[in-house]
Amino acid sequence: MELRLLGEVELRADGRLVDVGAPRLQVVLAALAVDAGRPVTIETLIDRVWDDSPPAEARNVLYSYLSRIRRLLRQGGPAVRVERRHAGYVLDIDAGLVDLHRFRRLAGEGRDSRRDDDGRAVALGEALGLWRGPPLAGLPGEWVARVRDSWSRQRLDAVVLWAQLTLRLGRPAAVLAALPELVAEYPLAEPLEALLMRSLCAVGRSAEALDRYTAIRQRLADELGADPGPELRSLHRAILDGGLPPAGPDSVLPTAKVVAGPAQLPPDTFGFAGRGDHLRQLDGLLETTGDRPATAVISAVSGTAGVGKTALAVRWAHRVRTEFPDGQLYVNLRGFDPTGSPVAPAEAVRGFLDAFEVPAERIPTGFDAQVGLYRSLLAGRRVLVVLDNARDAEQVRPLLPGASGCVVVVTSRSQLIGLVAEGAHPLPLDLLPVAEARQLLAGRLGAGRVAAEPRAVNEIITSCARLPLALAIVAARAATHAGFELAALAGELRGTRGGLNEFAGVDPATDARAVFSWSYRQLGPAAARLFRLLGLHPGPDLGEPAAASLAGLSRAGARRLLAELAQAHLIVEHAPGRYTFHDLLRAYATEQAQLVDAGEQRDTALHRTLDHYVHTAHAAARVLRPERDPIPAALLPPQPGVRPEAVAGHVRALDWFTTEHAVLLAALDHAAATGWDTHAWQLAWTMADFLDRQGHWHDYAATQHVALAAAARLGAPSLAACAHRILGRACTQLGRLDDAHLHLRQALDIYGRTGDRSAQAQTHHNVTLAFERQGRHDEALDHARRALTLFRSAGNRRGEAETLATVGWCHALLGDHEQALVACGQALTLLRELGNRRGQALTWDSLGYAHHHLGDHAEAVACYRHAIDLYQDLSEYREEAITLSHLGDTHETAGHADLARAAWEDALVILDRLDHPDAERIRAKLEGPQKS
């Protein structure tokens, strides 16, 4: 059986085509095939098939699809099948039978510089021959669109490398035969045009090469408003100077790489116009990278609000992204956000580490160490970094790569003099020249409409102060009323001018605010109200459900109004279902809310917003850790009009927290700053497990400091004690063990006065973990025993069960393995009764550890197997790998070398997939296992 994805989805059995069925069924098959041989969770399949809008019965529908796929696969015999495993569904198929995986294998051979050029070119040619059109052709969905774009970029990289190698082998005719068709598919791919021009020169057709340059220059101007990049311009000059020498076998050509790094650039700016000189100056950065042997090249783009700094940086980044095959990073630093919450460098660095998929357990706790890891990741790579909307040089410096090959573009209202003094290239951005402002309007409204009313166009440009943001808003208004004369629109705009105070420190903002006022007044009453309320939202962006709660609307109603605001260019849908807006517009919306909406109405909207996040976060937190004790500050029913989001399943809960991470932090800070202390405390509590699990320990500690201050203002000792306890755990994770003990002692003091024995017990359990981290196992055991006594006296069976397991582990660390077996055995009985499966898995691992050290290897193996089965059911991959490593140690000690190797290899597969540092330790065991 053979499965093809690089074109229409096709399944062939014994050479005949099998009808796969409806498009959605094909998406399910493709969603399994991209991870052929590896388990795909049911949640991941749902996300891939339905994106963010699964039907209510998604699981049942998916099960029926999987059943139909199984029947289809039976036509090819038993060699290919879909299996249900603990970690998900697996398409068990030889990767060589899937054209995507064959393509990747062959492309990898083509990139292997250890092979000779001829072999590499042959491999790449075979890889490219597998393509039959756009991959997953005709299938719907955002996931399909993303993978289609990714695979197409990989194909383009393979084409470029094949052509380079083929030219180097002295075969320009082969390149000329293949490239014209590919250039038609990728009409803006400058590397392809460069190779086609080289090939034409190599066969003596230099005039045609010059014609090619003229054609690509015109295409780039028409489609992107841009000029050719440095490589094409240099090639053009060389041909004009006498012709380029043929690309023979000794020619040195750069090697292409498959794009495997992050691609974080926001969408390119619609209707971008002008700024040709600035784009060319940025192009010059690429030509200077070789002149900086030790550092990255940096450009500092500065200018007033709304002048188009972000649009310029993003447009240029999209133009040159193929020059950075190792990835493109982007972060909006919100340096001048009206909410006063710029992105901390630590948050930005952590975001970049997440973009490179560094597992949480590999990320060091210290900020300096995280910066060092980030720079180590970029060393030797060619990455473009766009740092948007920076407040000052101090915010930027930790985010700068330390090695050459990378290019950084920073935008800011500040001139960033400190960076310029350190070698950054300054690129000040002024208001658009009149000609370029007219070009911007023509690009959005049509050249004929603009040419027909030159006087009105000039008045609009003047009214907008030549500010691109204001011009874009006016153009949006004009575009939605194609029958209006521009003179009428200019008159409407003229009537709104005057009487508005300018934003502090922003010269052209008086006219810009007039434009905002004019555009705002065109909104319907409901959309205008939502726009005003959006200015009160504390986070950097928000989703449709939060917008609905903010305004007290149905989700469908909010979606319609958000679409109206986006159509008017007053907000931007920067990701599907998520909205943000320029900080000038945010400030204007906030001012309008202050003017129009009564204080009680604003407070009610904020109350609804905080209720939305508290209740949704609480539900998600309970999904992530259902055994957690109830929140000490009980939630009141949400305000009327609040519709908390349904967060079903572990994966969706984790995804929700990940998406809303920055918003929740901003909401917590805003709540604490504006007197909503109960909400602030509750948000800190709900975020704790997520921040701990994902390794966001600096945020973990910071949120609990806010909770501690909120509890003090509320005069609530029990809430203060809880914050001290959680903060103690955060400090333990950060390695600040003295601080951890200080906070835990304070929690114990308060709980001692209030008489809350369960809370005292939990705190002693946290003290145990701190002492264990210090290697003080006797003291750890003492506090574990105290916790156990208190849990029992309080009748808290969950706490008793978990602490019994901890007591057993402490005994094992002290070498008292018999006592470890007793305590862990008692814990296991309780954990089973309570249905705490993760606790059972941890306890089985501890039992295996104790049996191993007592020499009872068969029993140790059985215990480890129980733990592994549970971890697989829970998708706890890291813990599964740790237990597999222990299992291998036991097999090795028992003299079963083959079984030990098998267990270690299974562990290594998981750890390599997680990029976990313990992988090297397992690899060392496989190379020469040592007795444990």
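Before you click, note that the model is predicted: local features need pLDDT of at least 70, side-chain atom pairs count only at pLDDT 80 or more, and totals for chains, interfaces and linings use all residues. Numbering starts from 1 along each chain as its sequence is written, and side-chain values use heavy atoms, with hydrogens and water left out.

**Stop 1: the sheet with E1, E2 and E3**

Select residues 2-4 for strand E1 and 16-18 for strand E3; these are the edge strands, each pairing on one side only. Strands here are DSSP runs of at least two residues (E), helices are runs of at least four (H or I), and both are numbered from the N terminus. The sheet is open, has 3 strands in the order E1-E2-E3, and pairs antiparallel. Pairing takes at least two DSSP bridges between two strands. From one strand to the next, the twist averages 30°. Zoom in on leucine 11 and you'll find valine 18 of E3 opposite.

**Stop 2: a salt bridge**

Show the side chains of aspartate 92 and arginine 81, which meet in a salt bridge at 3.0 Å, N to O. The term asks for a side-chain nitrogen of Lys or Arg within 4 Å of a carboxyl oxygen of Asp or Glu. Aspartate 92 sits in strand E5 (residues 88-92) and arginine 81 in strand E4 (residues 81-85), so the pair ties together parts 11 residues apart in sequence. The whole structure has 40 salt bridges.

**Stop 3: the sheet with E11, E12 and E13**

Here is another open sheet of 3 strands, ordered E11-E13-E12 with antiparallel pairing. Its edge strands are E11 (542-543) and E12 (572-575). Alanine 575 has arginine 578 of E13 as its bridge partner.

**Stop 4: H32 against H33**

Select residues 737-754 (helix H32) and 757-773 (helix H33): their axes come within 9 Å and cross at roughly 165°. Axes are lines fitted to C-alpha atoms, for helices over the stretch in contact, and angles run from 0 to 180 degrees between N-to-C directions. The two helices are therefore roughly antiparallel, the word for angles over 145 degrees. For the contact (heavy atoms within 4.5 Å), show residues including Leu744 and Tyr751 of H32 and Val767 and Phe771 of H33.

Definitions and conventions: Angles under 35 degrees count as roughly parallel, over 145 as roughly antiparallel, 65 to 115 as roughly perpendicular and the rest as oblique.
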